[in-house]
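Student: I would like a close look at one part of this structure. Please take me through it step by step.

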Amino acid sequence: MIENLTFNVAQLLKEPIGATRTGQVVAALRRLAPDLAQSEAAPDGAIAGPVRLMHIDNGVLVQGFLTGQVTLPCARCLEPVSVPLDVAVEEIFTSTIDLLTGRVVTPEEEDRALWIDEHHILDLTEVLRQDVLLDVPLHVLCREDCRGLCPTCGENLNEGPCNCEPETDPRWASLAELLKKSE
Ligand SMILES: [Zn+2]
Ligand SMILES: [Zn+2]
């Protein structure tokens, strides 16, 4: 997989307002959101899709729709579960250089993740990182009736009962007492 999260918009910004470019975004989730999974394992998978870049006043409007799959641990049994991921992107990136004069301009936009850098590179990494974190479900189950892990031995109860002693019912316990006495 060849990642692509940056676009050089120098040429686009020289064109009239309203000019567009299309591009393809490919991002590995492992790098984009390593803190995503609750378990130790980083999420596996990628998101990809087309984006459209449009020259607007003072910057570039980016719109795109990315799809992918993310593998997350089941909340009960920790088995990997593949979850579809849809990420809609719509952001305005602001120029920090006046293309005509070459002068540095300080954008009104305070979020530096939305600045086009001095080499006219527009970087979607931070925007996508936030979008992905918002879109990924926090709680996934491998199936609705997942039985989870035995709290005592940790065995996966979907694969059958474990060898742990079943919890003793207090009523049986008193009966056992009686039996012991009568012996
Ligand atoms: Zn499960
Ligand atoms: Zn057990």
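Which residues are the protein donors of the zinc ion (ligand 2)?

Tutor: Keep in mind that this is a predicted model. The zinc ion (ligand 2) has these protein donors: Cys150, Cys153, Cys162 and Cys164. Each gives its SG atom, and the donors lie 2.3 Å from the zinc ion. Look at the sequence next. The donor residues follow the spacing C-x2-C-x8-C-x1-C.

Now turn to the geometry. The 4 donor atoms subtend angles of 106 to 112 degrees around the zinc ion (ligand 2). Four donors count as tetrahedral if all angles lie between 85 and 135 degrees. The arrangement is therefore tetrahedral.

Cysteine 162 has 17% relative accessibility, so it counts as buried. The cut-off for buried is under 20%. Cysteine 164 has a relative accessible area of 27%, so it is partly exposed.

For context, here is the sheet. It is open and has 5 strands, in the order E2-E3-E4-E5-E6, with mixed pairing. Strand E2 (20–28) and strand E6 (115–116) are the edge strands, and each pairs on one side only. E5 and E6 run parallel and are joined by 2 bridges. Serine 95 has isoleucine 116 in E6 as its bridge partner.

Ser95 also takes us to the largest pocket. Among its 18 lining residues, Asp57, Asn58, Gly59, Ser95 and Val105 lie nearest the centre. Strand E3 (44–56) and strand E5 (80–95) are the elements that give two or more residues to this lining. The pocket has a volume of about 320 Å³. Its lining divides into 8 nonpolar, 6 polar and 4 charged residues.

How values were computed. Residues are numbered from 1 along each chain as its sequence is written. Chains are lettered from A and ligands numbered from 1 in the order in which they are written. This is a predicted model: local features need pLDDT of at least 70, side-chain atom pairs count only at pLDDT 80 or more; totals for chains, interfaces and linings use all residues. Side-chain values use heavy atoms; hydrogens and water are left out. Donors are N, O and S atoms within 2.8 Å of the metal (3.2 Å for Na, K and Ca); water is not among the atoms, so sites may look incomplete. Four donors count as tetrahedral if all angles lie between 85 and 135 degrees; four count as square planar and six as octahedral if opposite donors are over 155 degrees apart and all others between 65 and 115; anything else is irregular. Buried means under 20% relative accessible area, exposed over 50%, partly exposed in between (1.4 Å probe, protein chains only). On a 1 Å grid over the protein atoms alone, a cavity is a set of points where a 1.4 Å probe fits but cannot get out, and a pocket is an open set with protein on both sides within 12 Å along at least five of seven lines; lining residues have an atom within 4 Å of a point. Grid points are joined across faces, edges and corners, and a volume is the space filled by probe spheres set on the points. Helices (H or I, at least four residues) and strands (E, at least two) are DSSP runs, numbered from the N terminus. Ala, Val, Leu, Ile, Met, Phe, Trp, Tyr, Cys and Pro count as nonpolar, Asp, Glu, Lys and Arg as charged, and the others, Gly among them, as polar. Two strands pair if DSSP finds at least two bridges between them.
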